[in-house]
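This report covers helix packing and one surface feature. Look at the structure first.

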Amino acid sequence: RGEGDYAILDLCNSIDKKIDYSGIKNLWVKKENNIKKNEVRPKLTADELTALPFSDRDLYSKYDYFKDYPFITFVGSRGCPFKCTYCFNDGMSKSYEGQKYVRRRSVDNVIEEIKICKEKYDLKIAIFEDDTFNLSRKWLKEFCEKFSKLNLKLLPIGVRAELIDEEQVQWLKKANCVSLIFGLESGNERVRREVLFRNITDEQMIECARLLRKYGIGFATENILAIPTSTLDHDIETLALNLKCKPLYGGAKLMQPYPGTMIYNIAVR
């Protein structure tokens, strides 16, 4: 439960030493037909997140299938302040009540990791999997400024359309952002607001799309079909809003109401 960095490390060390691991914080362990529910350790601070070693990508690059990939995935932050009902972040944040949930690695730390990957691998495109890549304007501006000097292409996955403005798009363009993805999810504002808890208007998404097209940044949308309380007509509205936004690609997936999420409780009701 919670973050796994040091829980996994403690577990591996315990297995190596052949010692009992049932008391490791963040783990629930089945023992003698009972489940030992250990408490969750404090989450990593921004400084601790920055201090983590970089991912050992040699684990993958030694295989022919991976070694010539032109892109590498990075994550510059953890956590999201939004309360989308289908997302794990709402439940995860409750495990850290009273602690700062959204944290970012320093820009210099992220840039250093990218530089190392550029030297070691055939890196041409840096993909970012942050939950909300454009949440912090200060971080984004500094990152785009420093990334622009690396002669690489940028592709952030998690961008919030309502946070995008012309200045942010200009920063991204300077950083050679060739494409990005934002969540449209539903074309019906009631479903979006009352069921998904996404307080984004049609106009905000259309304006985001307009700005991206103005500066020549490609974009794709993420969409969810079969949302609890929705109808086929609502899904057609989702198609209609995509046609107004004109993405290069509109990905559509069926809602998966995982236990522990708010959408699960809505679906059960």
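A crossing is left-handed if the near helix is turned anticlockwise from the far one by less than a right angle, and right-handed if clockwise. By that rule, the crossing of H6 and H7 is right-handed in this predicted model. The crossing of H10 and H11 is right-handed too.

The packing values for these pairs follow.

| Helices | Angle | Axes apart |
|---|---|---|
| H6 (residues 107-120) and H7 (residues 137-147) | about 35° | 10 Å |
| H10 (residues 202-214) and H11 (residues 232-245) | about 35° | 9 Å |

Take H6 and H7 in detail. H6 contributes Val-107, Asp-108, Val-110, Ile-111 and Ile-114 to the contact. H7 answers with Trp-139, Glu-142, Phe-143, Lys-146 and Phe-147. By class, this contact holds 7 nonpolar and 3 charged residues, with no polar ones.

Now H10 and H11. On the H10 side, the contact uses Asp-202, Met-205, Ile-206, Ala-209 and Arg-213. On the H11 side are Leu-241, Lys-244 and Cys-245. The class count is 5 nonpolar, no polar and 3 charged residues.

Next, the surface. Which residues make the nonpolar surface patch of about 590 Å²? They are Leu-59, Tyr-60, Tyr-63, Tyr-65 and Phe-66. Helix H3 (58-61) and helix H4 (64-67) are the elements that each give two or more residues to the patch. Tyr-65 sits in helix H4.

Note on methods:
Residues are numbered from 1 along each chain as its sequence is written. This is a predicted model: local features need pLDDT of at least 70, side-chain atom pairs count only at pLDDT 80 or more; totals for chains, interfaces and linings use all residues. Side-chain values use heavy atoms; hydrogens and water are left out. Axes are lines fitted to C-alpha atoms, for helices over the stretch in contact, and angles run from 0 to 180 degrees between N-to-C directions. Helices (H or I, at least four residues) and strands (E, at least two) are DSSP runs, numbered from the N terminus. Contact means heavy atoms within 4.5 Å. Ala, Val, Leu, Ile, Met, Phe, Trp, Tyr, Cys and Pro count as nonpolar, Asp, Glu, Lys and Arg as charged, and the others, Gly among them, as polar. Patches are made of residues with over 30% relative accessible area and no salt bridge: like charges are joined within 9 Å, nonpolar side chains (Val, Leu, Ile, Met, Phe, Trp, Tyr) within 5 Å. Accessible areas come from the Shrake-Rupley method with a 1.4 Å probe; for residues, only the protein chains shown count as cover. A salt bridge is a side-chain nitrogen of Lys or Arg within 4 Å of a carboxyl oxygen of Asp or Glu.
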